[in-house]
Every structure is written in structure tokens, then in C-alpha cells.
Amino acid sequence: MDYVIVGAGSAGCVLAARLSEDPTVQVTLLEAGPPDTSVLIHCPGGLMVMARAPTARFAHNWAFETVPQAGLNGRRGYQPRGKVLGGSSSINAMIYTRGVPRDYDAWAAEGNAGWGWADVLPVFRQSEHNERGADAFHGAGGPLNVKDLSDPNPFSLAFVEAGVQAGYARNTDFNGASQEGVGLYQVTHKNGERFSAAKAYLWPNRARPNLRIVTGAHATRVLLENGRAVGVAYVQDGREHTVRAEREVILSAGAIQSPQLLMLSGIGPADHLRQHGITVRHELPGVGANLHDHPDVVQVWDANQAHELFGLSLQGGWRMARAVRQWRNERRGMLTSNFAEGGAFIKTSAAEPVPDLQLHFVVGKLVSHGRATVTGHGYSCHVCVLRPRSRGSLRLASADPLAAPLIDPAFLQDDDDTRRMVAGFKQMRALLQQPALARFGAVERSAAAKTDAEIESFIRQNADTIYHPVGSCRMGQGGMDVVDDQLRVRGIEALRVVDASIMPSIVGGNTNAPAIMIAERAAALMARAPRRDNPSGKPLAAL
């Protein structure tokens with residue numbers, strides 16, 4: 001094999017497709033989870049099952065937990081991650097956002113050449129097929145289908161109107177000239193189905209003779225010889241296998257498992273590796289540092305509109321049965337919902353240069369971030385802090401490659417994050433109290449939290465992730481950085497990390513589209529990289 005890619009999530013799918021475009025190279029893609037055959041993946045409404053803790057039948061989610069979080073009253077947070085072809089793009093809420101230009105310009109300003117907004121916007125456009133058509137901000141003809149919701153819920157439309165009544169600008173394109181305002185999200189759907197990275201990049205190319213896709217393959221370590229990555233060991237059906245890489249090994253296992261695999265391979269903070277009896281092959285102290293995520297809290301509102309809102313009731317059950325038939329026959333109806341249909345990007349104060357808060361409006365009651373089952377109907381709204389200052393870490397629990405790592409996003413350990421979340425909670429409440437939603441007579445479950453101290457107490461008891469871990473293999477030029485601006489692991493030849501873990505700082509929005517962009521850019525860099533039997537770096541097909 002020329003390339004071995006670990007992880008068939010959003011980034012891994014892109015890399016497998018792009019690298020195998022060259023018929024002269026051989027690519028192996030390893031994925032610990034199963035193929036993406038479940039109807040619950042392809043039906044957008046299956047999200048209500050896929051994002052929860054897995055059952056034996058639907059084990060498509062790693063369903064990690066954090067270590068106890070001091071900022072959350074000692075509670076453990078939930079960390080769902082996709083364990084299936086497509087990775088988290090097969091179980092996420094399918095929202096397509098990118099952040100704002102200054103997010104990427106900040107990466108470039110830290111010395112990461114080629115990662116500024118002017119560099120990455122063309123890559124976003126290249127990856128995208130927006131059903132609205134191409135313009136200065138959007139592409140048409142790319143692999144990833146992006147579209148407006150087919151059948152937006154009336155409550156999502158009411159949420160947008162409530163936002164306008166609260167004084168926010170109506171925004172029909174959060175990825176356009178301005179992010180600020182309230183509107184409906186565009187989604188990665190096509191023809192009424194989820195359009196994951198696997199559907200976009202793998203499905204059209206899986207018959208290529210030079211692309212080998214191996215599922216049920218849990219990578220256990222990178223094989224190293226004389227400071228060079230030469231392959232990967234993995235376990236499949238209880239047996240260990242190895243696959244060699246003549247050109248490069250690429251880790252695309254995500255912000256949780258890419259640093260874990262580096263450390264299991266002896267690459268990371270030396271004292272920590274020795275603590276677990278792992279031979280230090282290359283000391284790289286930044287591996288697993290800088291882990292951070294968007295802290296998020298949800299307001300839940302009880303309502304009686306069973307004919308429009310998701311929920312558990314007799315009437316809701318009859319409506320769901322009809323919706324299943326409609327989706328099967330027409331690929332339309334309520335099961336084309338991504339649940340978090342409406343949203344907003346707002347500021348805690350006018351002095352903020354860009355929005356520092358994001359809202360996700362959900363057409364159902366989301367208690368305990370979806371882990372709790374509740375009866376009845378209602379709606380929910382998230383608010384998250386877009387650029388948290390808190391920084392945590394990812395560490396090994398043991399040298400067992402099948403053991404879950406220790407995940408510590410250090411939620412709300414910086415007072416600035418807490419201040420912004422309290423302000424956002426109040427702004428969210430004021431929006432949800434506007435006439436467009438108030439006319440339905442819904443009741444807020446957290447209404448007793450009125451003062452800032454009471455709201456902070458509620459947040460610490462109820463906040464969690466909005467599912468965007470990043471930063472644990474940070475890109476940069478400093479001593480704690482893990483990869484350079486070519487995404488090459490510092491000090492190890494022929495090894496790269498390509499996923500959201502390389503983000504120096506989190507972007508102001510959902511992270512799936514940026515992860516795809518990162519992989520598109522990495523594939524282009526790798527296509528130009530020289531190889532040992534081709535020092536010129538020109539594509540072999542052209543020689």
C-alpha cells in the first residue's frame with residue numbers, strides 16, 4: 001500500500017477518495033465501525049436514535065464520557081462519536097456551517113501558512129454542491145450536497161420570527177457575507193436522506209481497484225522504523241493484522257482517537273507514556289493537549305402541539321407511524337428533519353467583532369442532551385460559547401488500545417466562558433419569549449433560574465458539549481504543537497494527522513464542514529509531496 005488512513009470519518013472519507021483518484025497509488029482505509037447500511041443513518045430522523053448511547057443492534061456510536069468536570073459540578077459529560085463509515089457525519093445533526101473568516105485568519109497569523117480565509121474559502125467551495133447554486137461563497141458540482149430543509153417544521157419558522165421580533169437580523173445564509181442573525185440552517189441532505197461524508201466521497205468511488213476499505217478494524221498502533229511511520233497494526237475479529245504504507249500513514253480518527261493512537265504508538269508526553277509502560281519512540285509533549293469544545297446548555301419548553309412537535313405520546317405515535325410511511329414512499333415529511341432546524345449567531349455585546357454565541361432550536365424536548373427519555377411534547381434551544389478559553393486534555397487510561405481514553409475538555413474552567421454562557425442563556429430566553437412562540441403557551445422548565453447566580457448554578461448542573469471536540473493535535477510552530485502547516489507530525493517521517501484535532505482554535509460554528517475542508521486541503525498537499533521513488537513530486541501518471 002502507498003497510503004494507510006486510520007478512520008473513515010469525515011476527513012478519512014475525503015482522503016480516501018481524493019488520494020485514490022491517482023490510479024498509480026494504492027490506498028487502504030481502516031474503520032473500527034461497521035458499514036453505513038442502517039436505515040437509521042440514511043433517514044435524517046434516525047438521528048434521535050443514532051446520537052444516543054448505542055445498543056447491541058445499533059452500535060454506531062463510541063458514546064464516550066468525559067472525566068468528572070469541575071466546572072459542571074463534578075458531572076461526566078457525554079461525548080458521542082461516530083463508529084461507522086462516515087464517522088460522526090453519519091450520526092450528527094447534518095448542519096452545514098463553517099465559522100467566520102477571522103477564525104481561519106487567526107490560524108494563519110500563528111504561522112500556519114495556507115490556512116487563512118483566502119486560502120480555505122476556495123477549498124470549501126470545491127467540496128460543496130449547494131443546491132441553491134454557486135456564488136462567491138458557495139460551490140456547485142462538488143461531492144458534498146448542501147441544501148435547504150425540504151419540510152421545515154412550523155415551530156422552526158416561528159423561532160426565526162421570534163428572533164426577528166427580538167431584534168436580530170434575518171439571515172438566510174450563515175455561510176454568506178455575514179454570519180450574524182437568525183434563520184434556518186442548511187443541511188447535508190440529498191433527496192430526503194442524510195448525505196454523509198461516506199455518501200459524498202466513498203460511495204461513488206468504492207469500486208476503485210486501488211481503494212481498499214476495511215471495516216471492523218480497530219487500529220492499535222502506528223508501526224515505526226527508524227523514525228518513520230511504515231504501517232498500522234489493527235485488530236479485526238479478535239485477531240491482530242498489520243498493513244504497510246510505502247508513502248504515508250494518515251491518522252483521521254478525530255480529536256479523541258488520533259492523539260490516543262499517537263500515544264499508544266509511543267509518540268507523546270514522555271512521562272505520561274512511561275507511566276503506562278509504553279516505550280517512548282518520540283517525545284512530543286503537545287499530543288493530547290489543547291483539547292477544547294463548545295460548552296452548551298439547553299432550555300426545554302413543554303408544549304401541547306403533538307401534531308407538529310416530536311415527542312412520546314399516543315397522538316405522537318400515530319403521527320410517527322404516518323411519517324415513517326411518508327418517508328419510505330416519498331422521502332419527505334417530518335422524518336427529513338435534522339431536529340435542530342433553526343438557529344442563530346448572536347453577540348453577548350455590540351462590542352464583539354463577530355458573534356460569540358450560537359443557538360440551535362430543536363423541535364422536541366432535549367433533556368440531558370438527549371440521553372434522557374421524556375414523555376410529552378415541546379421544544380428546546382441550545383446556546384453555546386463559540387470561542388471558549390478553557391483548555392483541557394486527552395490522556396490514556398491505560399496501555400490497552402481498546403480502552404476508552406480520559407477525555408477532559410475542562411468545561412467552564414475559565415470565568416470568561418461562564419460569563420458568556422450566562423449572558424447567552426438570558427438572550428436565548430428573551431428570544432423564546434417573543435410573541436411568535438409565546439402564542440403557543442409553552443412553559444420553560446428552567447424558569448426558576450432568574451438571577452445571574454441562579455442561571456450559573458443551572459448551567460453548571462446541566463451544561464455539556466455540543467459535540468465539537470477539537471485541538472488535541474494542534475497545528476502550529478510552537479513547542480506544544482503536534483503537526484506543522486502541512487499536517488506532518490513533528491519529528492516523525494511519513495506520518496500526518498488530518499482531522500479536527502489539528503485546529504489551533506475552534507471555529508465559530510459546527511465543525512463537520514471544516515473537517516472536510518481540512519482533509520480536502522491535506523489531500524492536495526499530499527498529492528504534491530515527493531515520494532522516495534519520485535523525488536520530483538509530480539503525479540506519477542504524468543511521468
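Me: What's the relative accessible area of glutamate 161?
Reply: Glutamate 161 comes out at 33%, so it is partly exposed. Buried means under 20% relative accessible area, exposed over 50%, and partly exposed in between (1.4 Å probe, protein chains only). This is a predicted model, where local features need pLDDT of at least 70 and side-chain atom pairs count only at pLDDT 80 or more, while totals for chains, interfaces and linings use all residues. Residues are numbered from 1 along each chain as its sequence is written, and side-chain values use heavy atoms, with hydrogens and water left out.

Me: Which residue does glutamate 161 form a salt bridge with?
Reply: Arginine 170, with the closest N and O atoms 2.8 Å apart. A salt bridge here is a side-chain nitrogen of Lys or Arg within 4 Å of a carboxyl oxygen of Asp or Glu.

Me: And how many salt bridges does the structure hold?
Reply: 28. One of them joins aspartate 103 and arginine 387, at 2.9 Å between the closest N and O atoms. Those two sit 284 residues apart, aspartate 103 being in helix H4 (residues 101-109) and arginine 387 in the loop between strands S22 and S23. Helices (H or I, at least four residues) and strands (E, at least two) are DSSP runs, numbered from the N terminus.

Me: Is aspartate 103 buried or exposed?
Reply: Buried, at 5% relative accessibility. Arginine 387 is partly exposed, at 26%.

Me: Switching topic: in what order do S11, S12 and S13 form their sheet?
Reply: S11-S12-S13, an open sheet with antiparallel pairing. Two strands pair if DSSP finds at least two bridges between them; S12 and S13 have 6. Tyrosine 234 stands opposite histidine 241 in S13.
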